[in-house]
Amino acid sequence: MKNHLLIAIVFMLVLSACNSNKSPFNYPETKKVDVVDDYFGTKVADPYRWLEDDRSAETAQWVKEQNAVTNAYLNDIPYRENIKARLTEIWNYPRTSAPFKAGGRYFFSKNNGLQNQSVFYMQESLDSDPELFLDPNTLSEDGTVSLTNFAISKNGKYLGYGISRGGSDWCEFFVKDIESGEVLSDHLKWIKFSGIAWYKDGFFYNRYPTPAKGDELKAENKNSQLYYHKVGTPQSEDVLIYEDPENPEWSFSASVTEDEKYLIIGVTESTSGNALYFKNLEADSPVVKVITTFEKDYSVIDHHDGKLWVYTNDGAPKYQLLALDTEQPERSKWSTILPEDEHNVLENISLTGGKIFANYQQDAHSLVKVFTPKGEFLYTVDLPTLGTVSGFRGKKDETETFYTFSSYTYPAVVYKYDTEKNESEVYSQTEIDFNIEKYETKQIKYKSKDGTEVPMFIVHKKGLKLDGNNPTWLYGYGGFNVSLNPGFDVRRLLWLENGGIYAVANLRGGGEYGETWHKAGTKMQKQNVFDDFIAAANYLIDNKYTKPKYLAIQGGSNGGLLVGAVINQTPDLFRVAIPQVGVMDMLRYQHFTIGRYWATDYGTSEDSKEMFEYLYKYSPIHAINPRLNYPAVMVTTADHDDRVVPAHSFKYIATLQNAYKGSRPMLIRIETDAGHGAGTPTSKQIETWTDLYAFTFDQMGLMPKLDH
């Protein structure tokens with residue numbers, strides 16, 4: 001009898017051990033299809049290819065089932081609603097943009113606190129009462145229609161504005177008569193990545209052909225065309241200004257100089273580098289092709305003293321300001337106004353009040369220098385602390401301008417600036433229900449795997465104890481020349497007030513140190529980005545800020561790729577991983593919407609056998625290893641994301657759920673009526689961050705203190 005009991009007990013223990021390799025989560029069964037691609041002789045299966053059809057009924061059912069699993073998990077977290085309540089409380093503070101002057105009036109945007117979209121106001125003067133001018137919240141009941149463009153005509157008669165529905169990159173343009181307040185009959189569609197370049201009683205813009213029904217959010221965007229629209233006419237009568245049918249993958253952008261003499265046309269085939277054309281509008285001359293390659297970046301600031309001022313990294317990895325004579329536009333005849341700064345990256349240029357305002361990046365934070373139009377240094381604008389500046393817009397003959405300053409622990413302040421006296425005064429200031437004085441920001445530098453020094457910002461409560469037990473949130477991006485500069489973000493406050501550390505690593509691939517830094521994280525050097533991020537995590541652990549048990553990592557888009565890649569390479573470093581709207585299928589990304597534009601950073605699987613093998617090795621989907629003990633994963637994406645299509649996240653989580661044998665959750669949160677991130681309503685942002693924090697605290701085994 002005893003022997004039988006012993007055998008039964010042993011059998012149950014063995015059965016329990018076997019079952020421990022099964023996930024406790026009842027994930028939807030994701031069917032597999034027999035799809036195999038051949039890359040230079042290597043066969044690569046793609047069993048979840050059917051999920052690329054994100055509009056099919058079958059995919060919709062799968063999305064519903066995945067969200068049900070995720071919601072069931074989140075609903076079991078007892079403090080989830082308390083997190084939402086505290087986030088809502090913190091978020092509810094007024095936010096105002098810097099005003100700008102156009103057509104003799106002032107315009108600015110304001111959010112009272114919890115409005116889904118910010119509202120635009122107009123003033124006849126700075127002393128007059130603001131009047132409501134355009135409220136995007138009235139365009140949809142749930143706040144999912146957002147503004148994408150806001151451009152006042154040079155004569156001050158019209159506003160041209162763009163809207164996005166559900167977060168899509170597709171835009172629609174409308175025109176409003178400023179004097180009467182009437183929205184006119186103009187309605188332009190199938191516009192993407194376009195500005196509104198006013199010229200007389202109309203504007204230039206870029207559009208694409210109408211996509212096939214059902215393909216609006218996933219088909220490749222080709223055959224860009226530059227049009228001129230005259231106010232009061234239907235889109236069908238718009239005048240085609242420029243196209244290049246022989247190069248259907250090129251896109252065009254338009255701007256018009258302040259004096260309305262020149263149309264500037266930028267031509268792109270990727271996210272890096274552009275060709276540069278111009279057209280004399282006064283003479284109605286043919287388009288002049290100045291730069292016809294895509295090796296460098298060129299942006300025309302304005303027309304000044306008969307020359308076009310060009311901001312460029314041509315011959316200057318940290319950028320410089322050059323002058324192009326329109327009568328002799330050859331590159332060899334350009335002159336230098338502001339040469340490259342040896343130490344700092346020239347981030348942008350404004351020509352205001354007869355002076356040049358040059359905004360530099362100095363170790364990833366702002367430094368503003370002022371020069372004469374001849375490039376003679378005058379002075380530096382004093383800033384409150386280490387942070388980020390934007391603004392200094394204005395006309396050449398105006399002495400008044402505005403700028404906004406913020407930092408991680410410094411809520412946005414709008415300053416009014418006198419260009420003649422070099423004097424700043426506070427114009428508007430944010431007041432928030434949060435004691436900022438309790439927190440500090442430091443910038444350190446750590447060494448990556450190859451010895452490269454990488455900067456990182458670390459934000460936390462003053463008096464932090466370095467005992468390795470602090471919950472830490474590490475954020476990174478590392479791509480497309482994008483710089484991560486210090487700025488105030490209400491989403492981080494709940495984490496900070498619960499003793500959390502927020503760290504931002506300025507990885508290679510970004511723009512913090514110019515084009516050389518950017519290129520060091522692209523194509524066959526992309527592993528540098530992952531190494532930099534892993535080294536950032538190790539620095540935080542080695543210096544006892546935290547330990548793997550309390551380390552969460554997050555990144556969006558290219559940053560989602562980053563998160564997906566590093567948890568395949570060093571899963572034991574992290575407890576929680578949050579890849580948002582990530583590029584997860586590195587072998588097929590170029591086949592959707594505008595994905596081909598990313599090839600200058602990534603390369604493609606069709607380029608060469610060597611490039612394919614490099615991508616295949618780190619591609620988040622393809623590098624998933626069933627033998628690894630992954631951190632808890634919460635993927636986020638949205639059904640209207642037509643930049644990084646949700647199929648990336650769908651296929652990734654299906655692969656991860658199928659491969660992972662441990663007990664940690666592998667979940668996906670799929671938002672509806674939302675896109676890549678821009679224009680997301682406040683209500684949806686609060687809901688998203690409620691769930692991310694609830695998930696993270698729960699997986700770290702921590703109870704947040706929400707009684708502030």
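What follows is a short report on strands, helix packing and a few individual residues.

## About the model

This is a predicted model, in which local features need pLDDT of at least 70 and side-chain atom pairs count only at pLDDT 80 or more, while totals for chains, interfaces and linings use all residues. Residues are numbered from 1 along each chain as its sequence is written, and side-chain values use heavy atoms, with hydrogens and water left out.

Helices (H or I, at least four residues) and strands (E, at least two) are DSSP runs, numbered from the N terminus. Two strands are said to pair if DSSP finds at least two bridges between them.

## A four-stranded open sheet

Let's start with a sheet. Four strands make up an open, antiparallel sheet, in the order E28-E29-E30-E31. Strand E28 (388-391) and strand E31 (423-429) are at the edges, each pairing on one side only. From one strand to the next, the twist averages 30°. Strands of a sheet pair through backbone hydrogen bonds, either parallel or antiparallel.

Within this sheet, seven bridges connect strand E29 (residues 400-407) with strand E30 (residues 410-418) in the antiparallel sense. To find your bearings there, look for Phe405, which stands opposite Val413 in E30.

E33 runs antiparallel to strand E32 (residues 439-447), and nine bridges join them. Gln443 has Phe457 of E33 as its bridge partner. The hairpin of E32 and E33 has five residues between the strands, and Gly451 in this hairpin takes a positive phi near 95°. E33 also runs antiparallel to strand E35 (residues 501-505), joined by four bridges. Here Phe457 has Val504 of E35 as its bridge partner.

## Two helix pairs

Two packed helices are described by the angle between their axes and the distance between the axes. The axes used here are lines fitted to C-alpha atoms, for helices over the stretch in contact, and angles run from 0 to 180 degrees between N-to-C directions.

Helix H2 (residues 57-75) packs with helix H10 (residues 647-659) at an angle of about 60°, and their axes are 12 Å apart. H2 and H10 are therefore oblique to each other; under 35 degrees counts as roughly parallel, over 145 as roughly antiparallel, 65 to 115 as roughly perpendicular and the rest as oblique. On the H2 side, Thr59, Trp62, Val63 and Gln66 meet Phe650, Ile653, Ala654 and Gln657 of H10, where contact means heavy atoms within 4.5 Å.

Helix H3 (residues 80-91) and helix H11 (residues 682-700) pack at about 135°, with axes 9 Å apart. The contact involves residues of H3 including Ile83 and Leu87, and residues of H11 including Ile686, Thr690 and Phe697. H3 and H11 are oblique to each other as well.

## Thr690 in helix H11

Is Thr690 buried or exposed? At 2% relative accessibility, Thr690 counts as buried. This residue belongs to helix H11. Leaving aside neighbours within four places in sequence, Thr690 is in contact with Arg80, Ile83, Lys84 and Leu87. A polar atom of the Thr690 side chain also lies 2.7 Å from the backbone oxygen of Ile686.

His303 is found in strand E20 (residues 298-304) and is buried, with a relative accessible area of 8%. Its side chain and that of Asp259 are joined by a polar contact of 2.6 Å, meaning a pair of N or O atoms within 3.5 Å; within protein, one must be able to donate a hydrogen and the other to accept it, and residues adjacent in sequence count only if both atoms are side-chain atoms. Leaving aside neighbours within four places in sequence, His303 is in contact with residues including Thr257, Tyr262 and Lys396.

Most residues other than glycine have a negative phi, and most peptide bonds are trans. Trp190, in strand E11 (residues 183-191), has a positive phi near 55°. Asp284 has a positive phi near 50° and sits in the loop between strand E18 (275-280) and strand E19 (288-291). At 57% relative accessibility, Asp284 counts as exposed.

Conventions
Buried means under 20% relative accessible area, exposed over 50%, partly exposed in between (1.4 Å probe, protein chains only).
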